Amino acid sequence: MITLKPIGRKSPQTKEVKYYPTQAESSPIDIEAVAEQIKDNSTFSRGDIKATLNALQKSVIEALLAGYSVRFGDLGSFRPTIRTRSVKSKEEVTASLIERVHVHFTPSTNIKRKLHKNNLKFQVKK
């Protein structure tokens with residue numbers, strides 16, 4: 001269940017405060033919890049699952065560092081992206097123009113469909 005909290009925002013034009021639902025912060029689920037959930041739904045040991053997940057993390061990081069995108073079937077894909085400065089000619093283009101490197105996640109069509117608001121449950125925290 002996703003917890004919502006009301007937040008007030010003042011309109012710059014009318015100065016009237018209107019309230020909107022925003023998603024309340026929640027604690028992330030760590031790799032230990034994921035391993036436990038997988039163990040409960042499989043015949044593998046928690047240790048084997050944890051080792052596999054750790055190897056998966058390492059492989060994804062190495063692939064991203066090498067410039068590859070990584071696809072995870074029904075989850076989606078991760079890909080490295082960059083933010084750069086511009087210059088006037090292509091001769092001036094160098095790697096020093098890179099300001100930041102990000103990792104972008106694109107959910108699959110399947111996960112987008114499942115995360116539709118009609119499939120989720122919400123509660124308002126006052």
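Among contacts in the chain between residues at least 6 apart in sequence, what percentage join residues at least 24 apart? In this predicted model, the value is 33%.

The chain contains 3 helices and 6 strands. Read from the N terminus, these elements follow the order β-β-α-α-β-β-β-α-β. The mean pLDDT of the chain is 92, and 100% of its residues reach 70 or more. Among the elements, the lowest mean pLDDT, 89, belongs to strand S2 (residues 17-23), while S3 has the highest, 96.

The overall dimensions were then considered. The radius of gyration of the chain is 21 Å, whereas a compact globule of 126 residues would have one near 14 Å. Along the principal axes, the C-alpha atoms of the chain fill a box of roughly 60 × 50 × 25 Å. Buried residues make up 12% of the 126 residues of the chain.

Helix H2 was examined in more detail. Helix H2 spans residues 46-65 and has 20 residues. From its first C-alpha to its last, H2 reaches 29 Å, which is close to the 28 Å expected at 1.5 Å a residue. The buried residues of H2 are Ile49, Lys50, Leu53, Val60, Ala63 and Leu64. These residues are on the same side of H2, because they cover an arc of only 155 degrees around the axis. On the other side of H2, Lys58 and Leu65 are exposed. The cover over the buried residues of H2 includes helix H1 (31-40), strand S3 (70-71), S4 and S5. After H2 comes Gly67, whose phi is positive, near 90 degrees.

Lys50 is located in helix H2, and Lys10 lies in strand S1 (residues 2-10). Lys50 has a relative accessible area of 18% and therefore counts as buried, since the cut-off for this class is under 20%. Lys10 has a relative accessible area of 56%, so Lys10 is exposed, the cut-off here being over 50%. Not counting residues up to four places away in sequence, Lys50 touches Ile31, Glu32 and Ala35. With neighbours left out in this way, Lys10 touches Lys15, Glu16 and Val17.

Ser77 is placed in strand S4 and counts as buried because its relative accessibility is 15%. Apart from neighbours within four places in sequence, Ser77 is in contact with Val70, Arg71, His104, Phe105 and Thr106.

Aromatic rings were examined next. A pair of aromatic rings is described by the distance of the centres and the angle of the planes. The count comes to 2 aromatic pairs. The rings of Phe72 and Phe78 have centres 6.0 Å apart and planes at 85 degrees, so this pair is edge-to-face. The rings of Phe78 and Phe105 have centres 5.0 Å apart and planes at 50 degrees, so this pair is tilted. Phe78 lies in strand S4 (residues 76-84) and Phe105 in strand S5 (residues 98-107), so the pair ties together parts that are 27 residues apart in sequence.

Phe72, Phe78 and Phe105 form one aromatic cluster. Phe72 is partly exposed, at 23% relative accessibility. Phe78 is partly exposed as well, with a relative accessible area of 28%. For Phe105 the relative accessible area is 36%, and this residue is likewise partly exposed.

Notes: Residues numbered from 1 in each chain as written. Predicted model: local features only at pLDDT ≥ 70, side-chain atom pairs only at ≥ 80, totals over all residues. Heavy atoms only, no water. Helix = DSSP H or I, 4+ residues; strand = E, 2+ residues; numbered from the N terminus. Buried < 20%, exposed > 50% of the residue type's maximum accessible area, 1.4 Å probe, protein only. Contact = heavy atoms within 4.5 Å. Phe/Tyr/Trp six-rings, centres within 6.5 Å; stacked < 30°, edge-to-face > 60°. Expected span 1.5 Å × (residues − 1). Arc of directions from axis to C-beta. pLDDT = per-residue confidence, 0-100. Rg over C-alpha atoms; globule rule 2.2 N^0.38 Å.
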